[in-house]
Amino acid sequence: MREDFPVPQAERLVGNFGDFNSDFYDDSFSRKGGSENKGEVITDPKEVLRRIFEEYSTESLANELEKSECDHEILKIATEAVKSLATEYGRENFIALTDDHVHFFSDGGVAELTEGRLAVGSHATVLGEAFVDKRDNLSTAITTFHELWHTLASHNAIQIRTDGELDWYRSGFSILSRDGKTKMFRHLDEALVGHATKRFVNEVLRGRPDFAQKIEEVEIDGGQVDTTRQRELGDFLKYLDIVLERNSDDFSSREELLDMFMRAQVTGNLLPVARLIEKTFGRGAFRKLSEF
Ligand SMILES: [Zn+2]
């Protein structure tokens with residue numbers, strides 16, 4: 001078993017504590033405006049992160065919907081499934097994420113919150129929270145699972161950036177450079193979260209009468225359930241086919257390769273994948289994949 005997490009929202013905190021600039025966080029502790037906290041300076045980044053997770057992230061947003069009993073049930077189904085699947089890929093401990101870290105909005109709320117960057121769901125590693133647009137129960141459950149996979153199942157690390165700001169450092173397979181300027185493996189990470197979400201739909205939701213009926217309705221005229229990030233997953237699977245073709249002595253199926261990537265996404269250990277990719281395509285190939 002791992003040691004306790006250094007901060008409540010991530011399993012690693014990297015960077016130089018001496019770089020930490022507490023000025024960035026003076027007013028961030030309350031969603032209500034923060035004037036009551038003005039002037040308060042906390043110089044310990046761990047304490048800042050603890051307060052962000054326990055006090056800021058759990059506070060409701062102005063346009064957030066109050067959760068119904070059904071919403072809590074959806075959260076429970078998604079959380080249990082995330083934990084069960086992530087355990088298969090090597091996760092041993094989970095952050096203690098209560099329902100108030102997940103914020104539900106009416107349709108269009110997440111787009112508004114992220115200024116159009118994201119459509120129906122979003123997550124924030126430093127905050128330890130997720131944002132979901134409430135639609136029909138099936139779509140809501142799928143998006144909730146996807147965002148919870150980022151928050152709960154993925155290897156999460158936070159950094160004190162070289163400019164002193166707190167930011168994410170590792171989010172599953174993806175990496176943010178130490179100066180905060182370069183994101184690597186973003187699409188690959190989303191493809192893997194898309195794969196986990198597809199498993200959730202096929203292995204959990206299809207087996208539940210309360211969701212199976214809606215799935216049937218969607219599929220009746222050849223329609224498809226949106227299991228999230230299908231384009232990224234499709235592109236990635238094509239890439240895996242080539243990897244498989246060139247490593248047919250060591251791997252018998254694409255599934256086996258996919259499991260290897262999923263394990264890296266959940267545990268944060270990218271080395272086995274890096275070695276395989278460099279062996280398959282030559283030196284520099286893993287770096288090239290980071291732009292995928
Ligand atoms: Zn995502």
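**Figure 1. N156 is buried, with 25 C-beta neighbours inside 10 Å.** This close-up, like the others here, comes from a predicted model. You'll find N156 in strand β5, which covers residues 156–160. Which residues does N156 contact once its neighbours within four places in sequence are left aside? They are Q9, A10, E11, T125, R170 and S171. Another residue to look for in this view is I95: N156 and I95 are 61 residues apart in sequence, yet their C-alpha atoms are 10.0 Å apart in space.

**Figure 2. Helix α2 packs against helix α4 at an angle of about 45°.** Here α2 runs over residues 69–88 and α4 over residues 137–153, and their axes sit 9 Å apart. An angle from 65 to 115 degrees would count as roughly perpendicular and one under 35 degrees as roughly parallel; α2 and α4 are therefore oblique to each other. The crossing of α2 past α4 is right-handed. On the α2 side, the contact is built from C70, I74, L75, I77, A78, T79, A81, V82, K83 and A86. Facing them from α4 are N137, T140, A141, T144, F145, L148, W149, L152 and A153. Sort the residues of this α2–α4 contact by class and you get 14 nonpolar, four polar and one charged.

**Figure 3. W149 is among the residues that touch the most other members of the largest nonpolar core.** That core has 66 residues, and A78, V82, A141, F145, W149, I158 and L192 are the ones with the most contacts to other members. Some of these names turn up in the previous view too: A78 and V82 come from the α2 side of the helix contact, while A141, F145 and W149 come from the α4 side. What does W149 touch, not counting residues up to four places away in sequence? The list is V82, S154, V193, A196 and T197.

**Figure 4. L97 is a buried loop residue.** The loop in question lies between α2 and β2, the latter being residues 102–106. Is L97 buried or exposed? It has 22 C-beta neighbours inside 10 Å, so L97 counts as buried. Setting aside residues up to four places away in sequence, L97 touches G128, T151 and L152. L152 is also part of the α4 side of the contact with α2. T79, from the α2 side of that contact, is 18 residues from L97 in sequence, with 9.4 Å between their C-alpha atoms.

**Figure 5. Helix α5 meets helix α7 at an angle of about 105°.** In this pair, α5 spans residues 186–204, α7 spans residues 230–246, and the axes are 8 Å apart. That angle makes α5 roughly perpendicular to α7. From α5, the contact uses H187, L188, E190, A191, G194 and H195; from α7, it uses Q230, E232, L233 and F236. The class count for this α5–α7 contact is four nonpolar, four polar and two charged residues.

Figure 6. L258 is 22 residues from F236 in sequence, and the two are 9.5 Å apart in space, C-alpha to C-alpha.

**Figure 7. Helix α5 also packs with helix α8, at an angle of about 110°.** Helix α8 covers residues 254–267, and the axes of this pair are 10 Å apart. D189, L192 and H195 of α5 make the contact with L258, F261, M262 and Q265 of α8. By class, the α5–α8 contact has four nonpolar residues, two polar and one charged.

**Figure 8. F185 and T228 each have a positive phi without being glycine.** Most residues other than glycine have a negative phi, and that's the reason for this view. For F185, phi is about 65°. F185 sits in the loop between β8 (183–184) and α5, and it counts as buried because it has 24 C-beta neighbours inside 10 Å. For T228, phi is near 75°. T228 is in the loop between α6 (209–219) and α7. T228 is buried as well, with 25 other C-beta atoms within 10 Å.

Key. Residues numbered from 1 in each chain as written. Predicted model: local features only at pLDDT ≥ 70, side-chain atom pairs only at ≥ 80, totals over all residues. Axes fitted to C-alpha atoms, helices over the stretch in contact; angles between N-to-C directions. Helix = DSSP H or I, 4+ residues; strand = E, 2+ residues; numbered from the N terminus. Parallel < 35°, antiparallel > 145°, perpendicular 65-115°, else oblique. Left-handed = near helix turned anticlockwise from the far one by under 90°. Contact = placed C-beta atoms within 7 Å. Nonpolar A, V, L, I, M, F, W, Y, C, P; charged D, E, K, R; others polar. Core = buried A, V, L, I, M, F, W, Y, C linked by C-beta atoms within 7 Å. Buried ≥ 20, exposed ≤ 12 C-beta atoms within 10 Å, placed from the backbone.
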